[in-house]
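Subject: Structure handover

Hello,

The structure we spoke about is below, with the sequence. My notes on it follow.

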Amino acid sequence: HKEMKKIIILLIALLPVIGFAQKAKKDIQKTSFEVNGVCGMCKARIEKQAFTVKGVKSATWDISSHQFSVIYDASKTSLLNIHEEIASVGHDTPLATAPDEVYNSLHMCCMYERESKE
């Protein structure tokens, strides 16, 4: 009976380790896409918003090329989610359009030419 108790206690002690070992594997992805913007304020806003997304490891937006490079854990977030988060602060991407009221509230120097929605 004492041996059974020891085995049960040992199993209970090992449960967190066993559970941790079965945790979802990281799925690190690296990609880049265009994000509309103009200046250093845009750069700071885009990168700051990207880092609010759980799973984003690296986020860099290049002012001159408008290319946004991101490294993220696809087991924690989706590429679409990253696009949507960036659009939510006023910057259009190929997969997500910023709400007009958010875009219209950007600083004057951050106003980029938007593609017409037809």
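**Notes on the model**

Ser-78 is in the loop that runs between β3 and α3 (79–87); helices (H or I, at least four residues) and strands (E, at least two) are DSSP runs, numbered from the N terminus. Ser-78 has a relative accessibility of 37%, so the residue counts as partly exposed. The cut-offs are under 20% relative accessible area for buried and over 50% for exposed, with partly exposed in between (1.4 Å probe, protein chains only). Along the chain Ser-78 and Lys-54 are 24 residues apart, and their C-alpha atoms are separated by 9.9 Å.

Before the rest, two points on how to read this. This is a predicted model, in which local features need pLDDT of at least 70 and side-chain atom pairs count only at pLDDT 80 or more, while totals for chains, interfaces and linings use all residues. Residues are numbered from 1 along each chain as its sequence is written, and side-chain values use heavy atoms, with hydrogens and water left out.

**Overall layout**

The protein chain has four helices and three strands, and along the sequence they follow the pattern α-β-α-β-β-α-α. Of the 118 residues in the chain, 30% are buried. Among contacts (heavy atoms within 4.5 Å) with a separation of 6 or more, 50% are between residues 24 or more positions apart.

Tyr-72 is part of strand β3. With a relative accessible area of 7%, Tyr-72 is buried. Leaving out residues up to four places away in sequence, Tyr-72 touches several others, including Asp-27, Ile-28, Val-56, Ser-78 and Ile-82. Tyr-72 and Val-56 are 16 residues apart in sequence, and 4.2 Å lies between their C-alpha atoms.

His-66 belongs to the loop between β2 (56–61) and β3. Its phi is positive, about 65°, although His-66 is not a glycine. The relative accessible area of His-66 is 21%, so this residue is partly exposed.

**Aromatic pairs**

Rings of Phe, Tyr and Trp (its six-membered ring) pair if their centres lie within 6.5 Å; planes under 30 degrees apart count as stacked, over 60 as edge-to-face and the rest as tilted. That rule gives two aromatic pairs here. Phe-33 and Phe-68 have ring centres 5.2 Å apart and planes at 55°, which is why the pair is tilted. This pair links distant parts of the chain, with Phe-33 in strand β1 (residues 28–34) and Phe-68 in strand β3 (residues 67–73), 35 residues apart. Phe-33 and Phe-68 are both buried.

Tyr-103 and Tyr-112 make an edge-to-face pair, with 4.9 Å from centre to centre and 75° between the planes. Both of these tyrosines, Tyr-103 and Tyr-112, are buried. The ring of Tyr-103 also has the charged end of Arg-114 over it, 4.3 Å from the ring centre. For this, NZ of Lys or CZ of Arg has to be within 6 Å of the ring centre and within 35 degrees of the ring normal.

**Helix α4**

Asp-100 lies in helix α4 (residues 100–104). The relative accessible area of Asp-100 is 38%, so Asp-100 is partly exposed. Asp-100 and Gly-90 are 10 residues apart in sequence, and their C-alpha atoms are 7.9 Å apart in space.

**Largest pocket**

Which residues lie nearest the centre of the largest pocket? They are Asn-36, Asp-92, Thr-93, Pro-94 and Glu-115, out of 10 residues in the lining. By type, the lining has one nonpolar, three polar and six charged residues. Here Ala, Val, Leu, Ile, Met, Phe, Trp, Tyr, Cys and Pro count as nonpolar, Asp, Glu, Lys and Arg as charged, and the others, Gly among them, as polar.

Regards

Key:
On a 1 Å grid over the protein atoms alone, a cavity is a set of points where a 1.4 Å probe fits but cannot get out, and a pocket is an open set with protein on both sides within 12 Å along at least five of seven lines; lining residues have an atom within 4 Å of a point.
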